Amino acid sequence: MRPLSLNPSLCSSRFPFFSFSNPIFLKFRNNPTVFQKSQKGPPFLILRCCSSGPITAKPSWELRRNRSTVQEPDEKVVALRQLFSKPGIGIDAYIVPSQDAHQSEFIAECYMRRAYISGFTGSAGTAVVTKDKAALWTDSRYFLQAEKQLSSSWILMRAGNLGVPGTSEWLSDVLAPGGRVGIDPFLFSYDAAEELKEAISQKNLELVYLYDLNLVDEIWKESRPKPPNKPIRVHDLKYAGVDVASKLSSLRAELVGTGSSAIVISMLDEVAWLLNLRGSDVPHSPVMYAYLIVEVDAAKLFVDKSKVMPEVMDHLKKAGVELRPYDSILSEIRRLAAEGANLWLDTSSVNAAIVETYKFACDKYLMNRRSRSKTKNNRYSESNSLSVGPSGVYMQSPVSLAKALKNPSELEGMQNSHLRDAAALAQFWCWLEEEIHKNVNLTEVDVADKLLEFRSKQDGFLDTSFDTISGSGANGAIIHYTPQAESCSVVDPNKLFLLDSGAQYVDGTTDITRTVHFGEPTAREKECFTQVLKGHIALDEAVFPENTPGFVLDAFARSALWKIGLDYRHGTGHGVGAALNVHEGPQSISFRYGNVTPLQKGMIVSNEPGYYEDHAFGIRIENLLCVREMNTPYRYGGIEYLGFEKLTFFPIQTKLVDLSLLSADEIEWLNCYHSQVWEKVSPLLEGSARQWLWNNTRPIDKR
C-alpha cells in the first residue's frame with residue numbers, strides 16, 4: 001500500500017518452521033550513547049537545497065491561471081497572528097505540522113490542525129505562518145489539490161522541486177536575525193525538533209517551545225471536533241498469542257539490562273501491542289490515544305478513562321497496569337526524574353515535550369542534590385548506576401522489534417484474515433468485470449466504495465487499512481493517488497487499472513495491489529507488466545543468510561526492470577502489523593541503505609515492485625510475505641538461511657503477461673501460485689465468484 005520510499009503455501013495453523021523459544025524482546029546491543037536518528041520526523045521540515053545564494057520560490061498565486069493576484073484576507077491566519085504578541089508567547093513565526101503527539105501516520109480529526117489552518121486536506125504537509133506570510137509545503141502527490149484548496153493568502157511550496165527551500169531555509173530568509181519560531185513540542189519528535197533548532201540557529205533564529213497551548217486550538221475553539229471517545233477493546237489472547245504479563249516481564253528484563261529504571265512508550269501501535277488492547281481512535285489503525293510508562297515493578301497507562309470499559313479495566317488490573325489521565329504524562333515524567341529514574345526514551349518517536357521535560361527535571365534533581373547531603377524518598381538513588389543523578393537512555397524502543405517478530409497465533413490470524421479478504425476480493429472483481437463488460441460507467445470512487453461493501457460482509461471486518469488507491473490509466477502512475485469524488489476519473493476499459501487496498505480484521509491486517517486490463521493490453525503494457533512480475537517472483541523466491549538487512553534484497557525486485565533500463569521511485573517492501581498498523585517498522589526492503597535492520601523469522605513485509613509511466617499508466621503487484629527459515633542443503637558459516645512464505649493468495653492477471661519474457665521456472669511459479677490460490681480460496685466462494693476464481697487461476701501453457 002502507498003509504497004514506501006520503502007515454495008509451498010503457509011503451513012497449517014501451527015507454523016512448525018518458526019522457532020519461538022527466544023525471549024519476546026531480543027537483546028539490544030546498541031550503545032546507549034550512540035543512537036542513530038531515524039527518519040520518522042515530520043516531512044518537509046528540513047529539505048536542503050544545493051543553491052548557495054538566496055532562495056526564492058514562486059507563490060502559488062503566481063502560478064495559477066485565471067485568478068486574481070490580490071491576496072484575500074484569511075481570517076484564520078489573521079487570528080493566529082494576533083496571538084504571536086500575547087504575553088508568554090512572543091514569536092515571529094509558528095510551524096503547524098501534520099502530526100499528532102505520537103507521530104502517527106493517520107490521525108484523529110481533532111488533531112488535523114494543519115488542515116484547519118490552511119484549508120489543505122492532503123495527508124502530508126507542513127504550514128508555516130509568519131507575521132506577514134503564510135506558506136505550505138507538500139509533495140508532488142498533492143500539488144494540484146493544494147492549488148485548489150489554498151486561498152491566495154498562502155504560498156504553495158512544492159517540496160522536492162528545484163529551487164524550492166525547506167522550512168528552515170525559508171524561515172532563515174524571511175525572518176530577521178534574533179527572530180523566534182514557535183512550535184507545539186508535543187507535535188515534533190525530539191530528534192526532529194533538535195534538527196530544526198540546529199538548522200535555524202545558523203541564522204540566529206530561536207526555536208520556542210509553547211508547552212501550555214497550541215495556537216491553532218486557540219482559534220479553532222468550539223468548532224474543533226471532540227477527541228475520539230469510542231471504547232477500547234481487549235485483543236483476544238487467541239489472536240495476540242502472548243499475554244500481557246509475559247510481554248511486560250520481557251520488557252522489564254530489557255530495562256534492567258540497559259540500566260534503565262523505566263521506559264516511555266508513545267507510539268500508539270506499540271502501546272496497543274504490549275497491552276493486548278485495540279481501539280478506534282485513528283482512521284485505518286486499530287489503536288487508541290495513550291502513553292505507557294513501564295517501570296521495573298509498575299506500569300501506568302495514560303488514557304482517557306471514559307474509554308476504558310469494565311472488561312478492559314479487569315484486563316489491565318490482572319497485568320498490574322494502573323490508569324492515569326492522558327494529559328498527566330508530563331507530571332509523571334517530572335516525578336520519575338525527581339526520584340532519580342533513568343528513563344529509556346526513543347527520541348525518534350517520543351515527542352520533544354516529554355524529552356525536554358525530563359531533561360529539565362534531571363537538571364533540577366542535580367541542583368537539589370547539591371543543596372542537601374541526602375535525598376529523602378529517593379526510590380531509585382541506590383540502584384541508579386549513574387552516581388551523578390538520573391539521565392536518559394536514548395535508544396530505539398525495544399517494543400518495535402518485538403512487535404515485528406510475529407508469534408504463531410499472530411501469523412495464523414494473518415493467514416486466516418488474508419483468505420477471507422481474498423474471498424471478498426474475488427466477489428468484487430467478479431462484479432467489477434461484469435459491470436465493465438456491460439459498459440456501466442463507474443468512477444474510481446465508485447469502485448473503491450463497492451470494494452468496501454464486499455469487504456464489510458466478511459467476518460471480523462473492522463475498517464480499511466488505508467485509503468484505497470483506485471487509479472485508471474494515467475492516475476495509476478500517481479504512486480500515492482487517492483481518488484476524490486469531485487475530480488476522479490471514470491474507469492476506462494481500454495486502459496490499465498491499478499487497485500491498491502487493504503483491510504483491518506479482528507485477527508489480521510491486509511494490503512494487496514493488483515493491476516488489470518479489461519480490454520486488450522498493448523505490447524508495451526504487457527512488457528512492463530511482465531518485467532514487474534519477474535521482479536516480484538525474484539523477491540518471493542529469494543534465499544538469504546540471517547542478519548541480512550532489507551536493502552540488500554531490494555535489487556532482486558528491480559533487476560528485471562534494470563536490464564531494460566526501467567525502475568520505480570519507491571521502496572519495494574514495508575513491514576505490516578498483525579491486526580495493527582499497515583505500515584510498521586523497523587524492517588523494510590528499500591534502496592535506502594540507512595535502515596540496517598536485518599530481516600528475521602516472523603517478520604511480515606510487502607513485496608510490491610512497480611513501474612509507472614507519467615500521463616500513461618501505472619503497474620504494481622503486491623503480496624504480503626512472512627520471513628521463514630529455509631531448509632538449505634548446506635549452512636555455510638553455521639548460520640541459518642531465510643526466505644519468504646506467502647500470506648496473500650489472489651490471482652495475478654495472466655492476460656497482461658508476455659510469456660516469451662518468462663523463463664520456464666517463472667511460469668511454473670505462476671502456475672503453482674494460482675493452484676494454491678484456488679485450493680485455499682475456492683472453498684470460501686460459490687456461484688459466479690467461484691467461477692471467476694477458476695477462470696483466473698487456470699494454468700497457463702508452458703510452451
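Two strands pair if DSSP finds at least two bridges between them. In this predicted model, strand E3 (residues 134–138) is joined to strand E4 (residues 155–158) by four bridges, and the two run parallel. Thr138 has Arg158 as its bridge partner in E4. E3 is also joined to strand E2 (residues 126–130), again by four bridges, but here the strands run antiparallel. Ala127 has Leu136 of E3 as its bridge partner. Three residues lie between E2 and E3, which form a hairpin.

E3 is mostly covered, with five of its five residues buried. Ala134, Leu136 and Thr138 point one way from the strand. Ala135 and Trp137 point the other way. Residues of both sets are buried.

A further sheet is open and has three strands, in the order E16-E17-E20. Its pairing is antiparallel. Strands of a sheet pair through backbone hydrogen bonds, either parallel or antiparallel. Strand E16 (469–472) and strand E20 (512–517) are the edge strands, and each pairs on one side only. From one strand to the next, the twist averages 10 degrees. E16 is joined to strand E17 (residues 496–501) by four bridges, and these strands run antiparallel. Within this pair, Leu499 of E17 stands opposite Ser470.

The largest nonpolar core holds 75 residues. Those touching the most other members are Phe428, Trp429, Leu432, Phe497, Leu533, Leu599 and Phe644. Helix H15 (residues 408–437) gives the largest share of this core, 11 residues. Leaving aside residues up to four places away in sequence, Phe428 touches Val447, Lys450, Leu451, Phe454 and Leu499.

Helix H17 (residues 523–540) packs against helix H19 (residues 664–681). The angle is about 80 degrees, and the axes are 11 Å apart. Angles of 65 to 115 degrees count as roughly perpendicular, and H17 and H19 are therefore roughly perpendicular to each other. On the H17 side, the contact involves Leu533, Lys534, His536, Ile537 and Asp540. These residues meet Glu666, Trp669 and Leu670 in H19. Four residues of the contact are nonpolar, one is polar and three are charged.

Note on methods. Residues are numbered from 1 along each chain as its sequence is written. This is a predicted model: local features need pLDDT of at least 70, side-chain atom pairs count only at pLDDT 80 or more; totals for chains, interfaces and linings use all residues. Side-chain values use heavy atoms; hydrogens and water are left out. Buried means under 20% relative accessible area, exposed over 50%, partly exposed in between (1.4 Å probe, protein chains only). Axes are lines fitted to C-alpha atoms, for helices over the stretch in contact, and angles run from 0 to 180 degrees between N-to-C directions. Angles under 35 degrees count as roughly parallel, over 145 as roughly antiparallel, 65 to 115 as roughly perpendicular and the rest as oblique. Contact means heavy atoms within 4.5 Å. Ala, Val, Leu, Ile, Met, Phe, Trp, Tyr, Cys and Pro count as nonpolar, Asp, Glu, Lys and Arg as charged, and the others, Gly among them, as polar. A nonpolar core is a set of buried Ala, Val, Leu, Ile, Met, Phe, Trp, Tyr and Cys residues joined through side-chain atoms within 4.5 Å.
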